[in-house]
Amino acid sequence: MNIKGDVTGGLTAGIIALPLALAFGIASGLGASAGLWGALVLGFFAAIFGGTKMQISGPTGPMSVVAAAIVFNFKGDMGSVMAVFVLTGIFQIIFGVLKLGKFVKYIPYSVISGFMSGVGFIIILLQINPMLGSSSVGNTLSAIESIPQAIADINFTAFYFAVATLLILYLTPKKISRILPTPLLAIIVLTSLCMILKADVATIGEIPLGLPKFIVPNADMALMSSILLYALMLAVLGSIDSLLTSLVADSITKSKHSPNKELIGQGIGNAFVGFVGGIPGAGATMRTVANIKAGGEGRISGVVHALFLLFVALVFAPVVAYVPLCVLAGILIKVGIDILDYRLLKRIAFIPRKDATTMAIVFLLTVFVDLIFAVAIGVVLAWLFYSTNIPKRNKKFNITVCEEEEFKSVKITGPMYFGTSSKIMRNLNRNLNTKHIKIDCRKVTFMDISSVYALEDFIDSVDENATKVSIIIDERSFSGRSLNELKYILRDNIDPTFAENDDE
């Protein structure tokens, strides 16, 4: 147990979480205190009961976007809104008990990419109004419709503060940002400047000092079908969000999380969030990575993160009330920009058309229809495209490992796609005790973007161990765009060895 590292990691994560919790709370429509209490309650219970020891949980972009839609659609009916949040946690607990956590690995990368880029775009779109000094809106279409009026009624002071926020976030030297995270730096500097100049900008407003009021969810039975649907939507989204963050934590720490236990921990946390008027959340990637990098290794780090936020809520709430909304808008715009999946976007010319099509459809459905519907349609599309890509003489998927004198050879037969990529990675990670790994893909019949990126992640992870990775392919096994994609992404690791696939 590394108590010092856990305390340092937890404090670091808490400092990063504070401005984001305030911003996501405002974005949800429930106010900054909802984001703050959501972060500390979920962060506390998920840390104790979750299945990823170093995970930091709290409000996230995707969850806040859906929470904002729920608040907008229920038109201030807090009893029904909180009923949705409590049921969200109950659904997640059920998912964990039914051991559904393993199914997240069957979500293709193209679907995740379209979804994350869509969420990033939504966050940016929803913050244009607050950035220009106008009132925020609750959904994408309303945001688009209100932009012309917001530009006509622009508050230049608010706009300048939002731009100043972005400049601080992007231009602060690393030697300063290592000590004080840039979102918190922006809040401290610009809130102080706003108070000195007595700037005419909207602020967070009064935050009740002390513990929150206990709320008893009081759902309108006439709305029960909508409440259950939204709760299921949030539960699925939060589960995916959390388990993807758990996978990131695993890759950094070379550990293995318990997905079903993680779902139960997230569920307990989100259920309690609904009783204190907070917004639900999930495992937060940036905060989790910051915790790990600062030395956090165990559950204590998540508890310390929550206790730090509790201290802020009980002591500094009156100060937080003066934070300008335009500054929080600038912080969220940076969050939205960071969520966009540049990894795939910058390679769009190389990836297979079917992967690009799936990503584009999921992106559009995420932005203009519904997040969960977008993921569901994306997964169905990916399976349909996969079935049309399988050659008639398809070989059954198989992995064999051969121990040579100076290297290990991992031979893969059959299709490499989102359904097999996790199995491939588990096998490769078990064979890292060597100086050289040769991944023989000459009998691979099909390779999608998920498996190519899985190989790239594996190569990046073993670079730290100075393990050489060589990939052997038969060019005749790939279509033109698939081959171009493979060569573009893995060009430094493709072995010039060439051999024909036999017909066995």
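**Figure 1. Salt bridges in the predicted model.** A salt bridge here is a side-chain nitrogen of Lys or Arg within 4 Å of a carboxyl oxygen of Asp or Glu. By this rule, the count comes to 4 salt bridges. The structure is a predicted model. Side chains of opposite charge can pair when their charged atoms come close. The next two views show salt bridges of Arg 343 and of Asp 440.

Figure 2. Asp 457 lies in helix 21 and Arg 343 in helix 17, so here the parts tied together are 114 residues apart in sequence. Glu 456 has a relative accessible area of 12% and is buried, because buried means under 20%. Asp 457 is partly exposed, at 39%.

**Figure 3. Asp 440 and Arg 442 form a salt bridge.** The closest N and O atoms of Asp 440 and Arg 442 are 2.6 Å apart. Asp 440 counts as buried, at 8% relative accessibility. Arg 442 counts as partly exposed, at 21%. Back at the Arg 343 site, salt bridges that share partners join Arg 343, Glu 456 and Asp 457 into one network.

**Figure 4. Strand 4 pairs with strand 3 and with strand 5.** Strand 4 covers residues 408–416. How many of its 9 residues are buried? The number is 8, and strand 4 is mostly covered. Strand 3 (residues 398–403) pairs with strand 4 in the antiparallel sense, over 6 bridges. The two form a hairpin with 4 residues between them. Ile 399 stands opposite Ile 412 in strand 4. Thr 400 has Lys 411 as its bridge partner in strand 4. Strand 5 (residues 436–447) pairs with strand 4 in the parallel sense, over 8 bridges. Here Lys 408 stands opposite Ile 437 in strand 5.

**Figure 5. Strand 6 pairs with strand 5.** Strand 5 and strand 6 run in the parallel sense, with 5 bridges between them. Strand 6 covers residues 468–472. Of its 5 residues, 4 are buried, and the strand is mostly covered. Which residue of strand 6 stands opposite Asp 440? The residue is Ile 472. Asp 440 is also the salt-bridge partner of Arg 442.

**Figure 6. Phenylalanine rings form a cluster.** A search of the whole structure finds 11 aromatic pairs. The rings of Phe 44 and Phe 45 have their centres 5.3 Å apart and their planes at 90 degrees, so the pair is edge-to-face. Phe 45 and Phe 49 form a stacked pair, with 6.4 Å centre to centre and 10 degrees between the planes. Both Phe 45 and Phe 49 lie in helix 2 (residues 32–49). They are 4 residues apart, about one turn of the helix. Ring pairs link Phe 44, Phe 45, Phe 49 and Phe 272 into a cluster. Phe 44 counts as partly exposed, at 28% relative accessibility. Phe 49 is partly exposed too, with a relative accessible area of 37%.

**Figure 7. A nonpolar patch lies on the surface.** Ile 90, Ile 94, Leu 98, Leu 100, Phe 103, Tyr 106 and Trp 383 form this patch. Together they have about 600 Å² of accessible area. Ile 90 lies in helix 4 (residues 78–97). Ile 90 is partly exposed, with a relative accessible area of 37%.

Definitions and conventions
Residues numbered from 1 in each chain as written. Predicted model: local features only at pLDDT ≥ 70, side-chain atom pairs only at ≥ 80, totals over all residues. Heavy atoms only, no water. Buried < 20%, exposed > 50% of the residue type's maximum accessible area, 1.4 Å probe, protein only. Pairing = 2+ DSSP bridges. Patch = residues over 30% accessible without salt bridge, like charges linked within 9 Å, V, L, I, M, F, W, Y side chains within 5 Å. Areas by Shrake-Rupley, 256 points an atom, 1.4 Å probe, with all protein chains shown as cover. Phe/Tyr/Trp six-rings, centres within 6.5 Å; stacked < 30°, edge-to-face > 60°.
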